[in-house]
Amino acid sequence: MVRPMRSLTEYFTNHTVLSSAELAQALPRLIDPHEALPQSVLPTFLHEATHHWCFSSAVGTTIALLSVRARLRGLRAIATSSTRERENLERAAAEDLTRVEVTRELMRPLSEGIATFAEFDVLPTIRAPAVAAPLRWAIQVCNRSLLTEGTSQRDWVTLRNEATMRTAVALSTSRQDWSVRNRRVDILQQPLSCSNLPEGHASRGKEGYLAGYLAVKNLWCNARNLHEYLAFADYYMLFLYDYFYEDDELVRLLLDDSALAPESLAPITFYMRDRLLEPLDEDRVKDFHRRMMAVRSNAHSSNSLHFPSHPNDNRPSAQTEQLWERVIGDEMRVPCADYALFAKGLMYGRELMSLGSVPVEASVTKGEAVLTLPQGEALRLHVDADAPLGRFAATLNLCIGTRSGYHVVYALNNQFYVKHQAAIIAMQAMPALSDEQLRVVRRAALGRETPVVLDQLMRLEQQPLEGLRELSRVPGYLSQTTELLDGMYEPRALLSVPEQVLEEAIVKMRSDGVYGLLDEREDLIRAIAIHACPDKGKRRGFDRLREPRDLSLFARGARDLVRGIPGRVHARRRRTASVRDDPAGQGAHEARRERQVPGAHSQARRAAPVARHDRRGRDRIRRTAGGRDASVLRVGGDSRRTRRLLRMVRQGARGHHGRDPRTGARLRQLDEA
Amino acid sequence: MDAATADAVVISGIDALELRALRKALPAESLNVPASKLAPSQHGDLGATTAVVVVSALAVKAIAAWLVKNRGRTRATLTRTVTRVDGSVEALTYSVESSTSSSDAAVIQQLTAALKIDPSTLR
């Protein structure tokens, strides 16, 4: 039976599987730290790297830690002899698991939206004050040999800029490939609805790709009018990460012990809904930009290849340690600590992103490990001090150190025992790491193997765990949450649709997405897939690439690459320029801005709770929940309610929506400065 | 006929619109689209859609029509699974090259040669 492969990232272990056939072929070659990732893999790599980045954020780590705590409490519940303690632990385990599942479900379309945005729309630029981690990794894996050549501060800046622009060109070229166009078509014909589709529907549905993607694009309209730098897609992506995934308030709500489900779910649900639907806060945007500018000035003063990035990107271990102590600390002082120790290994293992692995035959002597690849090539690595001598089967793993972006190759003895350091035969990192950094990487490499042990432990206790009654409530809460998603994401996704055609658009897009909206016109959807998805940010990227001032920054190789950009882009650039210079168009924008309604945001905020008391939605949720009180989940997803919500949101957002002509003018001024 | 035991052509890397076209052109029993659902704890891309077409004259005509229509793509990979008398299954992979300059007849000729079928059955 043929099984189609999908690249994926698991939120709990943060393990990534890149299923690209090109990558599988290139894997043995990539062991050489100077070889670059194949260009065609870049869009998929960015999609999964974005998931990986988001799951290792403060919110992502908290969700994973709550999953660990739920398992620990479940194991303790079946081990205790006291009935009261068992009930308390069972309830606590169910509470943790419910919060994890509900939050994960609420964020699923957003997570897919950001990843899809990274896959299709984002290009690295040299002007954004800081670089989103997935783009930084892409730059590093595409320009490995180039990035080792610098010797002075001036060199590093030039090399960094050149590597960035080379990656931008490689990414733009790879997006012209038919396989990427096919994926764009697939996204556009995904259902807008995030709920369960009727049985037998052709689309995969429920995963919220289109709703999340359109929501992210619409939020961009809001964001880039609040700050000119957010017009850069890569900087906007970093902002989204900071806004949704490095959110201390959401972490606080997830860890708040003052209430149990369903009451404890209400603040999380409403907080997420408000975050999505309310216009962005200008002060929050300014604060983000101020922090990122501080990061940039630090990066410029360091004499190394240091990409300016989010402050939390460079201290994952410290952040994990802090959250670990806050969430799991108490559990370590009671039985089941063995499980907790393994789980801690798992948390460290989340810091490495795998590109793939290759089976090898290892021959280890003192001082050297010879690893023979299936193709017969031999690779020689400096052997680890504790590695056992002899010949045995091993696995060669290629990873990227999350956050710092270093390249790690390590061989793992297939017959290993997790607590033994001897499991790792040899390890090589590029750039060269200090002993302390290598210790962290070694810990992470071993940590990546612990999920297998954890799974085995959980399987041993599966039967008694299934007997915990409180855990059986979790699927009910989960299905109620799925029902809410349309009410949260559709208004944001369709914010730019004119009100008079909104109802029709919702009906058409619910099951067939943009394909349904275009009355199933294949030619139109293909045209959109080819021409509309490369957004203004991308065109700007090309425009900037063509500027002689920028070209002078780069070496000859980069200039040649730039000259090779297809002629189609020139035509697009001319079209863009003609639209930009159109005084009538600018006048229309100015007129639109004059119609802003002061104080409309607070009106929308006051009006929003009305939707929570919609009787029909509440009744439906009650039916789904089997008659139990589900007062927490009161926002439904039918089209009438969506329209009402949308109207309220639009009142709030009016004035922030639509393109601000001053943004373009300001960017041009910045360029000239 | 079950796609796992009959001669079948696997078309990989098609998009949703191409799949719709194949669904329209072929009877439901001769087209199988393997599910690629992720577990609830997994996030990922949509991946490439793969269609398994049970070989018949109608199916080959539909594939030929699809290839002719999608000449913009330079290469289509078809995997033909053949069930031998002893029960063993062999997978044979063919690449059919097409471009905007190649004629309909050239594309169809490549297809019939790859699948080892009589071109007259397509008339």
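**View 1. A three-stranded open sheet built from two chains.** In this predicted model, where local features need pLDDT of at least 70, side-chain atom pairs count only at pLDDT 80 or more, and totals for chains, interfaces and linings use all residues, the strands line up as β2(A)-β1(A)-β3(B) with antiparallel pairing. Strands here are DSSP runs of E with at least two residues, helices are runs of H or I with at least four, and both are numbered from the N terminus; two strands pair if DSSP finds at least two bridges between them. The edges belong to β2 (16-17) of chain A and β3 of chain B, each pairing on one side only. Residues are numbered from 1 along each chain as its sequence is written, while chains are lettered from A and ligands numbered from 1 in the order in which they are written.

**View 2. Where the two chains' strands meet.** Strand β1 (residues 8-10) of chain A runs antiparallel to β3(B), and three bridges join them. Look for A:T9, which sits opposite B:H43 in β3(B). Helix α2 (residues 42-55) of chain A lies across β1 and β2 of chain A together with β3 of chain B, at about 10° to β1(A). Angles run from 0 to 180 degrees between N-to-C directions, with axes fitted as lines to C-alpha atoms, for helices over the stretch in contact.

**View 3. Chain B's side of the contact.** Chain B puts in 22 residues and chain A 31, with contact meaning C-beta atoms, placed from the backbone, within 7 Å. On the chain B side, β1 (8-14), α1 (16-25), β3 (42-44) and β4 (49-54) each give two or more residues. That side splits into nine nonpolar, nine polar and four charged residues (nonpolar: Ala, Val, Leu, Ile, Met, Phe, Trp, Tyr, Cys and Pro; charged: Asp, Glu, Lys and Arg; polar: the others, Gly among them).

**View 4. The six-stranded open sheet of chain A.** Here the order is β5-β4-β3-β6-β7-β8, paired antiparallel. β5 (378-382) and β8 (424-430) of chain A each have a single partner strand, so one side of each lacks a neighbour in the sheet. From one strand to the next, the twist averages 30°.

View 5. Five bridges tie β3 (residues 352-365) to β4 (residues 368-372) of chain A, running antiparallel, and A:V364 stands opposite A:A369 in β4(A). Helix α1 (residues 21-30) of chain A packs on the sheet against β3 and β6 (390-401), its direction making about 50° with that of β3(A). Helix α15 (residues 435-447) of chain A also packs on the sheet, touching β3, β6, β7 (407-413) and β8, and makes about 125° with the direction of β8(A).

Terms used. Two residues are in contact if their C-beta atoms, placed from the backbone, lie within 7 Å.
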